[in-house]
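The notes below are in the order in which I checked things.

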Amino acid sequence: MLDVRRLQVLRAVVTSGTVTAAAAHLGYTPSAVSQQVAALEKQAGTALLERVGRGVRPTAAGLLLTEHAALISAAVAQAESALADLRAGRTGRLSVRYFATAGSTLVAPAVAGLRAEHPGVRVDLELSDPRDPFQEVADGRADLAVVVQARGHAGDGCRLVHLLDDPYAAVLPVGHPLAGKEVIDLHELSGEQWVGSEPPGPCLEPVVDSCAAAGFSPDFVIQSEDYATAQGFVAAGLGVGLMPRLGLRNQHPGVVVRPVRNPEPLRVISAVARKTALGQPAVRGFLDALRDAAATSG
């Protein structure tokens, strides 16, 4: 393989016309320049320069390699410029995972905020793998994810950034005996049939744990993993439920929503990113935008 550094030495000789002038330009001795050209000629297997008076001129092979050296130099300059833009956050690509209810309330305004500050950064959005969204970040398949923080789970090499605490509220059919109360003590729902709205995992854990703390286990008679559908089941009088506030932005007209206490379940919503990625301006910018969106989501 031809030595790129020697190609640039050849280019300096050809463009300046003499070994002495090229040496002055490069900061080498004339002897060092001659040695570099000789080594390149040995690699190329042919003469690259010929003497003309006190100067030199390129052979056909020398002219060919000089032209390619110029292309290499231009490509390196473009690479340096592109790298500078990437390091400054002017360009780049950000892969983000999120769960459904965080999409409209947190992720959408965060993307808009990032575009305003870093318009050259492309954001690729995808719903996270519910089995383990942390692993997608840890494995490098995503730069950042918005997650419901599982108990004791931070992910190796990852950093969690707290965004907000999302409390659960009681969802009751209109006309339910408890619908007239301003606040419901959780134990008052112990004798009810329940509509489930969460799959097993970090979103269901606060519900089950809080009910256990109130002295009962919820009797799930219907299961739905969609908040809109779950509200429809509640509105039809098929049971009551606990659903997070972010999942109740579009409230069904046939239900009433009441806060609960003693205890109040809540889920912790965080952003997770690899520690090594936190130095990237696009990642930092998106985290800042997520914090701003979380601060105004209430």
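In this predicted model, I looked up Arg 97 and found that its relative accessibility is 8%, so this residue counts as buried. I then checked its partners: Arg 97 forms a salt bridge with Glu 136, with 3.0 Å between the closest N and O atoms. This pair links distant parts of the chain, since Arg 97 sits in strand E3 and Glu 136 in helix H6 (residues 133-138), 39 residues apart. Glu 136 also counts as buried, at 5% relative accessibility.

I noted a salt bridge between Arg 97 and Glu 126 as well, at 3.8 Å from N to O. Glu 126 lies in strand E4 and Arg 97 in strand E3, so the pair ties together parts that are 29 residues apart in sequence. Glu 126 is partly exposed, with a relative accessible area of 44%.

I next turned to Arg 93, which is exposed at 54% relative accessible area and forms a salt bridge with Asp 124, the closest N and O atoms being 2.6 Å apart. Arg 93, Arg 122 and Asp 124 are linked in a network of salt bridges; I counted eleven salt bridges in the structure.

Last, I followed helix H3, where Val 33, Gln 36, Val 37 and Leu 40 are buried. They cover an arc of only 95° around the axis, which puts them on the same side of H3. The buried residues of H3 pack against helix H1, helix H2 and strand E1, whereas the face turned away from the buried side carries the exposed residues Gln 35 and Lys 42.

Note on methods:
Residues are numbered from 1 along each chain as its sequence is written. This is a predicted model: local features need pLDDT of at least 70, side-chain atom pairs count only at pLDDT 80 or more; totals for chains, interfaces and linings use all residues. Side-chain values use heavy atoms; hydrogens and water are left out. Buried means under 20% relative accessible area, exposed over 50%, partly exposed in between (1.4 Å probe, protein chains only). Helices (H or I, at least four residues) and strands (E, at least two) are DSSP runs, numbered from the N terminus. The arc is that of the directions from the helix axis to the C-beta atoms. Contact means heavy atoms within 4.5 Å. A salt bridge is a side-chain nitrogen of Lys or Arg within 4 Å of a carboxyl oxygen of Asp or Glu.
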